[in-house]
Amino acid sequence: MLSRTILNGTALSVSRLCYGTNMLGWMLDQGRSNAILDTYADLGGNFIDTARSYGDWAPDAPVGASERAVGAWLRTRNRDDFVIATKGGFYDMRVGDFRNRVTPQDVASDLAQSLDHLGVDTIDLYFLHLDNPESPVEPLIDALVEHREAGRIRHFAASNWSADRIRAANAYAASIGKEGFVASETFWGLAVPDAAAAAQQGYQHYYEGEYEDLHAGGLPIVAYAAQSGGYFTKLAAGSVGEPLASRYANDANARRFAVVEQLAGKHGVSINEVVLAYLLCQPHQTIAIFGGSSPEQVRDSAKADALKLTDEELAALRNA
């Protein structure tokens with residue numbers, strides 16, 4: 001069964017492997033979505049990550065397709081058995097609204113839609129999907145605190161925010177005697193990205209070199225792109241295509257791949273298990289968001305929870 005941890009600063013007991021639902025409701029129909037979520041739950045998983053924007057790039061899918069799929073499945077289960085995280089404030093691609101929507105008004109609109117799509121009264125963990133660095137943190141925190149005190153959310157967190165902006169936001173929250181961001185959903189996996197290529201593809205603020213001090217100070221990291229798009233698995237199969245190659249094909253990852261292969265052989269596990277275990281075995285609280293388009297893929301990734309890498313093995317991967 002998947003292991004759980006109490007998310008620092010909260011009472012939320014969450015699986016250390018969080019299932020990311022960005023494919024549900026548009027790439028995968030409700031029947032396939034239900035089969036995947038049933039498998040995850042049957043393995044003991046309880047932490048589900050979605051977003052108001054997931055699926056909006058598919059013109060034939062309903063608005064909030066992923067949230068709707070999760071909500072439909074959740075109605076077949078006991079709501080209280082699961083920790084539901086979603087995100088708002090992203091571009092509204094369905095109507096071609098590409099302005100920065102990290103404003104109190106847009107977030108309130110997105111949150112209301114998310115509650116409706118999910119069919120819940122309260123969202124356990126609500127992320128701002130993006131940041132607006134030109135906007136002061138104070139009105140954003142004030143708005144999120146208001147939503148929490150109204151019972152719409154239990155906790156709030158940041159996604160794709162710089163470490164410095166998170167610090168500023170939490171300093172302000174502390175100054176008014178309120179809880180601030182309780183986690184950061186951060187771009188992090190074993191494969192080191194090319195910064196320019198990653199930024200072009202919408203990935204920003206990679207963990208290494210920016211978030212270490214914040215993480216060590218107690219802020220949980222919920223790592224997205226935790227499998228690096230399957231880069232190392234595809235590298236082993238000789239099937240790396242674009243855009244993965246432009247994002248990850250570099251000398252650092254060639255060295256890390258050699259260590260991954262060695263550790264996979266040593267422990268008798270898959271490359272994917274080593275990649276996910278790299279995050280799960282970090283010294284500071286780390287949750288890895290994983291993907292899977294079938295029950296079989298979910299079961300394969302769940303095996304990573306049992307793999308314990310030593311400090312020496314983690315260092316060999318990091319310093320390769």
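Student: The axes of helix H10 (residues 251-267) and helix H13 (residues 311-318) come within 8 Å and cross at roughly 150°. Why are H10 and H13 called roughly antiparallel?

Tutor: The model is predicted, so local features need pLDDT of at least 70 and side-chain atom pairs count only at pLDDT 80 or more, while totals for chains, interfaces and linings use all residues. Residues are numbered from 1 along each chain as its sequence is written, and side-chain values use heavy atoms, with hydrogens and water left out. Angles run from 0 to 180 degrees between N-to-C directions of axes fitted to C-alpha atoms, for helices over the stretch in contact. Under 35 degrees counts as roughly parallel, over 145 as roughly antiparallel, 65 to 115 as roughly perpendicular and the rest as oblique. The crossing angle of H10 and H13 is roughly 150°, and the two helices are therefore roughly antiparallel.

Student: Which residues of H10 and H13 meet?

Tutor: Arg256, Val259, Val260, Leu263, Lys266 and His267 in H10 meet Glu313, Ala316, Leu317 and Arg318 in H13, contact being heavy atoms within 4.5 Å. These residues divide into five nonpolar, one polar and four charged. Asp, Glu, Lys and Arg count as charged, Ala, Val, Leu, Ile, Met, Phe, Trp, Tyr, Cys and Pro as nonpolar, and the others, Gly among them, as polar.

Student: What makes H2 and H3 oblique to each other?

Tutor: Their axes come within 7 Å and cross at roughly 40°; H2 and H3 are therefore oblique. In H2, Glu67, Arg68, Val70, Gly71 and Leu74 meet Gln113, Ser114, His117 and Leu118 of H3. By class, this contact has three nonpolar, four polar and two charged residues.

Student: How do you know that aspartate 42 and arginine 77 meet in a salt bridge?

Tutor: A salt bridge requires a side-chain nitrogen of Lys or Arg within 4 Å of a carboxyl oxygen of Asp or Glu. The N to O distance for this pair is 3.6 Å, so the pair qualifies under that limit. Aspartate 42 lies in helix H1 (residues 30-42) and arginine 77 in the loop between helix H2 (65-74) and strand S5 (83-88), 35 residues apart. The whole structure holds 19 salt bridges.

Student: Where is the cis peptide bond?

Tutor: The bond from glutamate 242 to proline 243 is cis, with omega near 5°. Proline 243 is in the loop between helix H8 (231-237) and helix H9 (244-248); helices (H or I, at least four residues) and strands (E, at least two) are DSSP runs, numbered from the N terminus.

Student: What is the phi of asparagine 160?

Tutor: Phi of asparagine 160 is near 65°, a positive value in a residue other than glycine. Most residues other than glycine have a negative phi, and most peptide bonds are trans.
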